[in-house]
Amino acid sequence: MKTNSSIAIALLLTCTAAMAAPQGVKKTAAEKGGLPRYGMAVYSDLCVQPGGEFGGQRITVQRFAEVDTVIYEYTAGGLSWPVVANDVNIDPRGRMMYFTVQPPDEPERTLSGKFSNDGNTLTLDGGYCADESLPMTLQKVRDYAQKPKACRACPAGKKAPAGDPAAPKWEAVPPSQG
């Protein structure tokens, strides 16, 4: 025969176990894939040429509740001044993005690319060293004190045909606020 105190203890243990059990597993940013919705990430392939000049590019993505911003830096003999991008569009899943930049004394251009599933790389559309078959991959910067690596020489390959860059393959949807 159970007493009131043993029933109360059993009820208390049952309630405690029910409260401790996970209600639903929330996915982390890495499990969801792509670029997290909020925060800042820097992607870069900057390197040092044999003559001591920098080569490559760096893209800084800042994600806020109201707007996403991109700061684009590239090399043209030396590291350029940062260019703040216009028309920044990142898809709601954080997997693709495109943005428009207007470098000084150059025509406006649109850059687009895809983030890896873990968000650690950004692969830009277009080609590395003017070869469309070689993707241009920028790694997420984790150690800002690390010295830049030596640039690798462009491999002999086919040149991309001259022409206008292709438009992004998707249309951006404004992020939902909530």
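Biologist: Is Asp 105 buried or exposed?

Modeller: This is a predicted model, in which local features need pLDDT of at least 70, side-chain atom pairs count only at pLDDT 80 or more, and totals for chains, interfaces and linings use all residues. Buried means under 20% relative accessible area, exposed over 50% and partly exposed in between, with a 1.4 Å probe and protein chains only. Asp 105 has a relative accessible area of 85%, so this residue is exposed.

Biologist: Where is Asp 105 found, and what is its phi?

Modeller: Residues are numbered from 1 along each chain as its sequence is written, and side-chain values use heavy atoms, without hydrogens and water. Asp 105 is in the loop between β8 (96-101) and β9 (109-115), where strands are DSSP runs of E, at least two residues, numbered from the N terminus. Although Asp 105 is not a glycine, its phi is positive, at about 60°.

Biologist: Which strand holds Asp 87, and what is its relative accessibility?

Modeller: Asp 87 also has a positive phi, near 50°. Its place is in strand β7 (residues 86-90). Asp 87 counts as partly exposed, because its relative accessibility is 46%.

Biologist: Which residue has its backbone nitrogen 3.1 Å from a polar atom of the side chain of Ser 116?

Modeller: Ser 116 is in the loop between β9 and β10 (121-124). This serine counts as buried, because its relative accessibility is 18%. The backbone nitrogen at 3.1 Å from its side chain belongs to Asn 120.

Biologist: Which residues have the most contacts inside the largest nonpolar core?

Modeller: A nonpolar core is a set of buried Ala, Val, Leu, Ile, Met, Phe, Trp, Tyr and Cys residues joined through side-chain atoms within 4.5 Å. The largest one has 21 residues. Elements giving two or more residues to this core include β1 (39-44) and β11 (136-140). The residues with the most contacts inside it are Ile 59, Val 70, Met 97 and Phe 99.

Biologist: Which residue forms a salt bridge with Arg 58?

Modeller: A salt bridge is a side-chain nitrogen of Lys or Arg within 4 Å of a carboxyl oxygen of Asp or Glu, and the structure holds 5 of them. For Arg 58, the closest N and O atoms are 2.9 Å apart, and the partner is Glu 73.

Biologist: Which residues are linked in a network of salt bridges?

Modeller: Arg 63 and Asp 68 meet in a salt bridge at 3.2 Å, N to O. Both of these residues are buried. The network links Arg 63 and Asp 68 with Arg 37.

Notes
Helices (H or I, at least four residues) and strands (E, at least two) are DSSP runs, numbered from the N terminus. A polar contact is a pair of N or O atoms within 3.5 Å; within protein, one must be able to donate a hydrogen and the other to accept it, and residues adjacent in sequence count only if both atoms are side-chain atoms.
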